[in-house]
Amino acid sequence: VCHESDITPGLANRISAKFVDRVATTFPECAKALGSKAETTGTPLRPQLFVGQRQKGLAMAGFTGEKPVLLMTGGSLGAQSVNQCLRACLPSLLPRMDVLHLCGKGNLAPELEGLAGYCQLEFLGDDMADALAAADIVLSRAGSNTLSELLALAKPMLLVPYPLSASRGDQIRNAESYACQGLAHVLLQESMTPDTLTAAIGNLLAQKDALRATMEAYPLKDGTDAVLRMIEEVQQQRRAR
């Protein structure tokens, strides 16, 4: 059994698919591309993700919970263009919401320390579940694992995928798939300015309840059970040969 998390199969899985019994995929588009061996299962998720506590997340950030919370996460190294644009939006955002900004190692802005309603951290480990529990909406890149986690937690998300100039385009396709299914809003980096990002975040906040309802109704969230079932089926078939 192999698993492909992106919307299009990478080279390793395109090769592996010829030899394995079954292929598990996160996206239905990928299962269709890989043929009869493939099945959409979702992505297996770590159980720690689901035990976060909102009050712990608010306390960690120094927020009262009176305003909605925007969580921005850009991956372990941060996302410089989004970091900079979000910080330029703070004067417009902070009257309406608190902002928990995970900016990546070495990307803290000392001049913003102590700004009311704004908490910047390089990254989070075990406390990430609490940060997610505290978040009402999320601004993120569009890596498959992050999308799967946000979907499983039903967190309304605004996605700014890596542009073609910095990737093979898989994040753009991931984001487009989520947008077409009503699971996320998308703002392309090429269109991102402080004005467009502020407007997109405001629109996300206004439509968060509808997005959350769509995500909660989505049938494939945590793929752990489905992938384990596939592995067991393959084992049984091999024993029977």
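This is a predicted model: local features need pLDDT of at least 70, side-chain atom pairs count only at pLDDT 80 or more; totals for chains, interfaces and linings use all residues.
Let's look at H3 itself, which spans residues 54–61 and has Gly57, Leu58 and Ala61 as buried residues. They cover an arc of only 100 degrees around the axis, so they lie on the same side of H3. The face turned away from that buried side holds Gln55 and Ala59, which are exposed. Just after H3 comes Gly62, with a positive phi of about 80 degrees.

Now to the sheet. An open sheet of 6 strands runs in the order S6-S5-S4-S7-S8-S9, and its pairing is parallel. S6 and strand S9 (185–186) are at the edges with a single partner strand each, so one side of each has no neighbour in the sheet.

| Strand | Residues | Bridge residue |
|---|---|---|
| S8 | 157–159 | Leu158, partner of His185 |
| S9 | 185–186 | His185, partner of Leu158 |

S8 and S9 run parallel and are joined by 2 bridges.

Finally, where does Leu151 sit? Leu151 belongs to helix H6 (residues 144–152). Is Leu151 buried or exposed? Leu151 counts as buried because its relative accessibility is 3%, with the cut-off for buried being under 20%. Leaving aside residues up to four places away in sequence, Leu151 touches Met157, Tyr178, Leu183, Met215, Tyr218, Leu220 and Lys221. From Leu151 to Asp126 the separation is 25 residues in sequence and 19 Å in space, C-alpha to C-alpha.

How values were computed. Residues are numbered from 1 along each chain as its sequence is written. Side-chain values use heavy atoms; hydrogens and water are left out. Buried means under 20% relative accessible area, exposed over 50%, partly exposed in between (1.4 Å probe, protein chains only). Helices (H or I, at least four residues) and strands (E, at least two) are DSSP runs, numbered from the N terminus. The arc is that of the directions from the helix axis to the C-beta atoms. Contact means heavy atoms within 4.5 Å. Two strands pair if DSSP finds at least two bridges between them.
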